[in-house]
Amino acid sequence: MNDEVLDELRALRSGDLPTHGGRTLAYVYDSAVPGLDELAASAHALASSVNGLDPTAFPSLLTLENDVVRMAAGLLGGTAATVGAVTSGGTESCLLAVLAARDSRPDVARPAMVLPATAHAAFHKAAHYFGVRAVVVPVDPDTFRADPAAMAAAIDDDTVLVVASAPSYAHGVVDPVTEIAAAALAKGVRCHVDACIGGWVLPYFRRLGVELPPFDFAVDGVTSMSVDLHKYAYCPKGASVLLHASADLRRAQYFASADWPGYTMLNSTTQSTRSGGPLAAAWAVTRHLGDEGYLGLAERTLGAVRLILDGIADIDGLRVLGTPDSTLIAVTADRDDFDVFTAADEMKARNWYVQPQFAHGGSPANLHLTVTAANAGSEAELLADLADSVRAAVKAGPVPVAPEVVAAIKALDPDALTPQEFAGLLAAAGLGGGGGALPERMAPVNALLAAASPRLRERLLVEFLGVLYS
């Protein structure tokens, strides 16, 4: 019976994107280190039944968490005063940074946080959850880096947090953290650096000779940082670290409730019960790889990034947005006889997944590539298929969307539409039938979604999520 259940699971998994081999350039991070998955799985199994709710009942998890936090702090310029917590992922780390900043200022009636337009959507989620007003500041239209003068000007008496990215997800560039943190410090406001993606790889890039602006706790005014272990620490999903410069800054992150007849609830993160599996797996992987192991992985990744960037420069019709500092590359069409959504479909037909990103502000529609150590050695194949995909997209031409359809979509008010009208829009976009099954080619769908406002696109995709889940 056990074999039958596992066979059924394997059959279900066969329809997923591949998580290893470097062909899925989003969502997954593959070290390509032999035996690392088995080590992580064994460590996860050893601690999966342990409950992180109470560290006094399960002190092993306390030791593991303190070890991982110290490792992260050491990598990111922390001092003996730096403290932290292991969370379930980057979004939870960012949420908690916002929550701690808000709750540390009970005197502010309408708390706000200042964000560059390129800040991760997790901060908008935090704004939605915690009633913190997001003050969004435009970034430099050429470099896509935050504008420190504009950020400073946006800070007022209601500001409880200022955010910078290292790097930003959309374009892979590091914001000018020194200037942003100085502005926050001058106003007595916390400054969070979202290093969820870069925190475990940029320090090694620096050691490999890459010139990077300062972005960690060595910068005056940086009060907290997030770094994901399930990204470039190459740990299994479900592990991130939120660091604070001191225990005083962390205190507002904690939650306690004794005013009920049960046990006193005491939480360091948004979760109460949490499996020790992800933490144990992260601890085992980071211990096993160690400093030299991560340096080697960073070197392989950096080599792949450089080869891919050089190769993209030789592909007619493509250009890279900004100047990436890290492992993330955004590639847009440099001519108007094809669209990147079709190129994405062509890449998928060649067994590569690259992530489409819609136009936003000064950033045109583009393809997003997350490069990992697993891409080392297959750069030539990736580039050849990318060039072929562009040629195929040029041959097919841009996806046609009738002007009257675009006008009709732009005129829609997402807050006035009924569920039935949303169902009709989803069906028209190719997202409404077959129990939520997607069409083989997404370019026509993405072309229609691109014509929608961000708010309408959000509502459409929320409705689509409801179609997917029973």
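1. Strand 6 (residues 224–228) and strand 7 (residues 240–244) are antiparallel partners, joined over 5 bridges. Within this pair, Ser 226 has Leu 242 of strand 7 as its bridge partner. The model is a predicted one.

2. Both strands belong to an open sheet of 7 strands, ordered 1-7-6-5-4-2-3, in which the pairing is mixed. Strand 1 (83–87) and strand 3 (133–137) form the edges, each pairing on one side only. On average, neighbouring strands of this sheet are turned by 20 degrees against each other, direction ignored.

3. Helix 3 (residues 59–75) packs on this sheet and touches strand 1, strand 6 and strand 7. The direction of helix 3 makes about 115 degrees with that of strand 1.

4. Another open sheet consists of 4 strands in the order 10-11-13-12, with antiparallel pairing. Its edge strands, each pairing on one side only, are strand 10 (318–320) and strand 12 (355–357).

5. Strand 12 runs antiparallel to strand 13 (residues 366–370), and 3 bridges join them. Gln 355 stands opposite His 368 in strand 13. Helix 11 (residues 340–349) lies across strand 11 (328–333), strand 12 and strand 13, at about 40 degrees to strand 13.

6. Leu 6, Leu 9 and Leu 12 make a nonpolar surface patch of about 300 Å². Leu 6 is located in helix 1 (residues 2–13). Why is Leu 6 counted as partly exposed? Leu 6 is placed in that class because its relative accessibility is 39%, and partly exposed covers the range between under 20% (buried) and over 50% (exposed).

Notes:
Residues are numbered from 1 along each chain as its sequence is written. This is a predicted model: local features need pLDDT of at least 70, side-chain atom pairs count only at pLDDT 80 or more; totals for chains, interfaces and linings use all residues. Side-chain values use heavy atoms; hydrogens and water are left out. Patches are made of residues with over 30% relative accessible area and no salt bridge: like charges are joined within 9 Å, nonpolar side chains (Val, Leu, Ile, Met, Phe, Trp, Tyr) within 5 Å. Accessible areas come from the Shrake-Rupley method with a 1.4 Å probe; for residues, only the protein chains shown count as cover. A salt bridge is a side-chain nitrogen of Lys or Arg within 4 Å of a carboxyl oxygen of Asp or Glu. Helices (H or I, at least four residues) and strands (E, at least two) are DSSP runs, numbered from the N terminus. Buried means under 20% relative accessible area, exposed over 50%, partly exposed in between (1.4 Å probe, protein chains only). Two strands pair if DSSP finds at least two bridges between them. Axes are lines fitted to C-alpha atoms, for helices over the stretch in contact, and angles run from 0 to 180 degrees between N-to-C directions. Contact means heavy atoms within 4.5 Å.
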